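Morning, everyone. Please look at the model on the screen, and I will walk you through its inside.

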Amino acid sequence: MMRKYLLLFTMLFSWTLAGAQLKTFISDPGVMARRFAESEMTRFPEAWQLDHGKRLFFGYAQGVGCCAMLGMWKATGDEKYYDYVHRWTDTLVAADGEIWKYDMASYNLDFINSGKTLFDVYARTGEPKYKTAMQTLRRQLRNQPRTCDGGFWHKLVYQHQMWLDGLYMASPFLARYGAEFRDTSALEEAVLQVQLCHRHTYDTRTGLYFHAWDESRRQRWADADGHSPNFWGRSTGWWFMAMVDILDWIPVEMAGRDSIVGYIRALAEVLPRYQRDGLWYQVLDCPDREGNFPEASVTTQFMYAYAKAVRKGYIDARYLQVARDAYDALQRTLLVETGARTPSGEPVISLTRCCAVGGLGGNPYRDGSFDYYIHEKMRDNDAKATGPFIMGCLWLRDSQVPR
């Protein structure tokens with residue numbers, strides 16, 4: 001036991017060394033949303049640099065960060081957030097609608113996520129190239145390889161596999177595309193993918209969801225039912241956010257919508273069992289196991305999903321406290337001041353202890369074990385954590401975001 005506490009103390013001490021803890025507790029999430037968004041724009045002056053990007057790319061993580069900036073634009077009316085995203089999309093999408101470095105033949109669901117940013121830019125500019133680009137992404141999903149019952153493969157190279165991550169990448173895009181372009185089949189597809197993923201990844205024992213399912217059972221990580229062996233925090237975060245976001249666009253009367261609301265309510269009831277001092281852990285179901293640790297992206301993703309689900313009326317209002325506990329805990333432990341300043345003169349804030357990447361299979365092979373997940377690379381200001389943090393703050397706020 002002493003060894004466990006010594007390890008935890010060492011980890012917390014090392015995190016604190018990464019920067020100075022926040023000098024003032026920011027009680028208003030609206031203020032935090034603005035300050036953190038400006039910190040991100042100071043750190044990454046161009047949107048392609050989000051998630052520590054090294055080159056222009058239609059990456060899913062940049063898409064997460066840009067969705068957060070579009071949320072800031074809508075919440076504040078400040079054009080700088082929209083301009084930040086528009087510069088990126090304008091460079092990425094050519095006049096004929098071709099997307100820079102996009103490869104449909106890879107049938108990679110990750111490519112779909114950044115398409116979510118194009119709806120708002122198209123609505124604002126009216127430029128046909130953005131609609132053409134969205135139609136291209138829709139065409140990929142029409143032809144996406146599938147499991148025998150119709151579930152999207154995560155990528156062509158991950159044959160027969162459904163991943164929770166893929167639901168966030170593709171289904172909210174499909175739902176909005178269907179709503180805005182009157183494509184009923186896209187709406188139905190978005191709902192179907194959620195139902196299939198629930199069917200194949202839900203664990204009745206814990207109420208959680210396995211990271212992935214292999215229909216063929218050929219992967220070394222797959223058990224006799226095709227499940228991966230652990231509940232990775234961020235994968236469940238993607239899943240929770242996906243379901244909440246999809247409902248923005250699914251008509252109330254559409255078949256399957258009530259099922260998604262039911263999945264959200266069940267997951268919302270279960271997750272507090274695994275929360276410790278406001279935070280969730282890298283391997284979700286064993287927060288007290290030696291070597292496991294609180295991780296930023298799963299915590300911010302759940303914070304966002306809880307706050308939005310309450311505000312939308314999908315879950316009981318008492319769950320807003322779960323999100324608020326996460327917000328407060330992030331300030332106590334994982335948010336730090338770097339010493340730099342934003343253009344407005346405020347301290348730049350960093351979000352520490354973000355898992356850089358997590359997956360299954362590949363080369364070198366990722367076996368989905370507890371040991372694999374707890375030894376994945378960690379870094380600060382990963383967009384898979386910072387984007388949901390900004391969006392979560394917007395849904396937690398009680399008033400308009402100050403400019």
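A word on terms: helices (H or I, at least four residues) and strands (E, at least two) are DSSP runs, numbered from the N terminus. This is a predicted model, where local features need pLDDT of at least 70, side-chain atom pairs count only at pLDDT 80 or more, and totals for chains, interfaces and linings use all residues. Residues are numbered from 1 along each chain as its sequence is written, and side-chain values use heavy atoms, with hydrogens and water left out.

Start with one residue. Thr-300 is found in helix α12. Is Thr-300 buried or exposed? Its relative accessibility is 0%, so Thr-300 counts as buried. Buried means under 20% relative accessible area, exposed over 50%, partly exposed in between (1.4 Å probe, protein chains only).

What does Thr-300 touch? Leaving aside neighbours within four places in sequence, its contacts (heavy atoms within 4.5 Å) are Leu-330, Leu-351, Lys-384, Ala-385, Pro-388 and Phe-389. The Thr-300 side chain also reaches the backbone oxygen of Ser-297, at 3.1 Å.

Now the core. A nonpolar core is a set of buried Ala, Val, Leu, Ile, Met, Phe, Trp, Tyr and Cys residues joined through side-chain atoms within 4.5 Å. The largest one here has 120 residues. Among those with the most contacts inside it are Leu-351, Phe-389 and Tyr-306. Helix α12, residues 296-312, gives the largest share of this core, 10 residues. A second, separate core has 16 residues, including Tyr-158 and Cys-355.

Val-322 and Ala-323 are among the buried residues of α13. Helix α13 runs over residues 320-333 and reaches 20 Å from its first C-alpha to its last. That is close to the expected 20 Å, taken as 1.5 Å times one less than the number of residues. What covers its buried residues? The cover includes α2, α12, β4, β5 and α15.

Last stop, α2. This helix has 15 residues. Of these, 12 are buried, so α2 is largely enclosed by the rest of the structure. Arg-34, Arg-35, Glu-38 and Glu-40 are among the buried ones. The buried residues of α2 pack against α3, α4, α13, β4, β5 and α15. At the N-terminal end of α2, Asp-28 is the cap: a side-chain oxygen lies 2.8 Å from the backbone nitrogen of Gly-30.

Note on methods: A polar contact is a pair of N or O atoms within 3.5 Å; within protein, one must be able to donate a hydrogen and the other to accept it, and residues adjacent in sequence count only if both atoms are side-chain atoms.
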